Structure formats: structure tokens, C-alpha cells
Amino acid sequence: MQPKPVNPDSAPAAESIIYEQPLTERVRTFLRLQFLLSQAEQYAEPKSSWDSRMAIMSLLDIADMLTRGNARGEALKELDSQIGILALLRDNPDVDNPRLLEVLDQLEHLKRQLASHTGPLGQGLRNNEFLSAIKNRTAIPGGTCEFDLPGYHFWLSKPNAARAADVAEWLKELAPLREAVSVLLDLNRQSADPVNKVAEGGVFQHNMQNESNCQLIRVILPGNAAVFPEISGGRHRITIRFFDRPNVNERPRQVTRDVKFQLMFCHL
């Protein structure tokens with residue numbers, strides 16, 4: 001994939017809402033990791049003990065994800081693939097060579113960082129006795145309240161700065177993976193421009209014959225749109241149905257009117 005600047009005339013507007021649907025297990029894993037890491041970082045600088053609780057829950061979810069799969073190996077494979085593809089573009093006169101070399105240097109740096117990590121990624125989180133005690137109580141509704149985990153309650157009573165320092169230390173181990181996932185997903189998202197589409201009667205279907213290498217679908221709607229999409233299918237065919245929900249306490253309803261939106265077929 002050739003790195004390129006986003007076309008300002010076709011880029012999603014700042015007030016747009018973007019809905020993403022991964023079409024491969026690898027991208028699905030990357031998106032979930034990016035979500036959890038962003039959530040942990042959002043609450044890493046706490047304004048209250050509740051922020052620190054959210055940061056801890058995110059860290060525990062990340063540790064669980066890293067136990068179930070080989071995110072580090074998947075990221076290294078994708079970095080290798082991108083380095084190989086981009087290296088072939090060095091002699092292409094249509095390519096912004098300084099930008100290409102900058103991206104290649106960045107990918108090589110990320111690869112070295114990930115490859116140099118010793119031991120399973122996230123092992124420090126899983127071996128932490130304090131975090132393990134919290135993890136063991138999370139399956140019980142209300143299991144992390146103060147009388148269940150007095151040590152956790154004691155930590156939560158510390159000054160915000162002290163808790164922030166602990167969370168920052170736990171996140172440090174995950175920094176190479178966070179950066180690699182972020183860069184790979186950014187390359188993916190920038191690999192296509194939005195195309196205007198219409199869902200006739202609220203439904204849009206598309207055969208993926210010409211997008212066989214697509215790994216991520218992005219549906220873009222105006223920020224004031226009164227509908228949201230549900231995307232189903234796989235790498236051969238997708239269906240997008242649009243729904244509205246005037247009342248959050250009622251089930252959403254599939255709309256029957258035409259819906260204008262933008263669509264992106266992204267690939268790494």
C-alpha cells in the first residue's frame with residue numbers, strides 16, 4: 001500500500017461519525033486493543049478514584065486479550081508485510097519518496113521495539129499480585145467493593161498523582177504494541193478515500209469481488225444523522241442496514257427511506 005496524504009476534499013468531516021467493521025481477525029484484534037489502550041490512557045490521569053478503577057479494568061482486559069492470542073506476533077507479521085510492500089515503491093516516480101522513507105523508518109523502528117521485548121507481552125500485568133487479586137474478584141457483581149478488597153480500597157485512597165504513576169508504569173510495558181497497532185491502523189484507514197453511496201430503502205448491499213483484499217469497512221455519517229448502521233457479512237459480500245432509535249428505551253427500527261452515506265474499503 002502506498003502511503004498518501006488524506007485528500008481534504010474527500011476526507012471525513014470533523015463532525016462526522018465513523019462506524020468501523022473489521023473483516024479479518026487480525027484487524028478485529030487490533031481495533032479492540034486500540035480501544036482498550038485508549039480507554040486506559042483516558043483514565044490514566046485520574047480526577048477521582050472512579051477514573052483509576054476504569055484504568056485498572058482496561059488493563060485487566062488487555063492482559064486477558066494478550067493471554068488469549070498472539071497480538072505481538074500478529075503486529076510483527078503485519079509490520080514485516082508493510083515494510084516489504086513499501087520497499088518495492090522506492091523507485092516509483094509517482095511516490096513521495098521522502099514521505100515513503102519516513103514511513104519505512106517508522107515501521108522498522110516499531111519492528112525493532114516489538115522484537116526486542118523479552119518474554120510474553122503483558123506478563124508483567126499478569127504476574128502482578130495486586131492486579132491479580134482484583135482480577136479474581138471482577139467476575140462477582142460488586143466484587144471489587146471496599147470490604148472485598150481492602151488493599152484495593154487503600155490504593156484508591158492514595159493521591160491522584162500516586163495512582164497515575166502506578167498506571168503509567170503498568171502501561172509502559174504495552175507502549176511498543178500500542179504504537180505499532182496505532183500506526184498499522186492509521187495506514188489502513190488512510191488507504192482509501194470515502195465514496196458517496198445511497199442505501200435505498202435503508203439497505204445497502206455490495207459484492208466484494210473488486211475489494212478482495214479489504215480488511216476494514218468504514219461507514220461515515222454526518223454528526224447530526226438520525227440513523228446508525230449495522231454492518232454484516234464478510235470478505236465476499238457486505239450488507240449495511242440503517243436503523244433509528246427515537247427512544248433509547250425501545251428497540252431500534254430499520255428505516256425504509258433512502259440514506260446517503262460515505263463508504264471506505266480499507267486494506268493494509
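**Exercise 1.** Which residues are linked with R26 in a network of salt bridges?

*Solution.* The structure is a predicted model. Within it, a network of salt bridges links R26 with E74, K77 and E78. E74 is partly exposed, its relative accessible area being 24%.

**Exercise 2.** Determine where D64 and R68 lie and whether each is exposed or partly exposed.

*Solution.* Begin with the contact: the two side chains form a salt bridge at 2.9 Å, N to O. Next, the location: D64 and R68 are four residues apart in helix α2 (residues 49-68), about one turn of the helix. Finally, the accessibility: D64, at 26%, is partly exposed, whereas R68, at 69%, counts as exposed because the cut-off is over 50%.

**Exercise 3.** Identify the strands at the edges of the open sheet and explain why one side of each lacks a neighbour.

*Solution.* First, write the strand order, which is β1-β4-β8-β2, with antiparallel pairing. β1 (17-22) and β2 (195-199) stand at the edges; each has a single partner strand, so one side of each has no neighbour in the sheet. From one strand to the next, the twist averages 30°. Then consider β4 (residues 216-221) and β8 (residues 259-266), which pair over five bridges; L216 stands opposite C266 in β8. Lastly, helix α1 (residues 25-42) lies across β1 and β4 and runs at about 135° to β1.

Notes. Residues numbered from 1 in each chain as written. Predicted model: local features only at pLDDT ≥ 70, side-chain atom pairs only at ≥ 80, totals over all residues. Heavy atoms only, no water. Pairing = 2+ DSSP bridges. Helix = DSSP H or I, 4+ residues; strand = E, 2+ residues; numbered from the N terminus. Axes fitted to C-alpha atoms, helices over the stretch in contact; angles between N-to-C directions. Contact = heavy atoms within 4.5 Å. Salt bridge = Lys/Arg side-chain N within 4 Å of Asp/Glu carboxyl O. Buried < 20%, exposed > 50% of the residue type's maximum accessible area, 1.4 Å probe, protein only.
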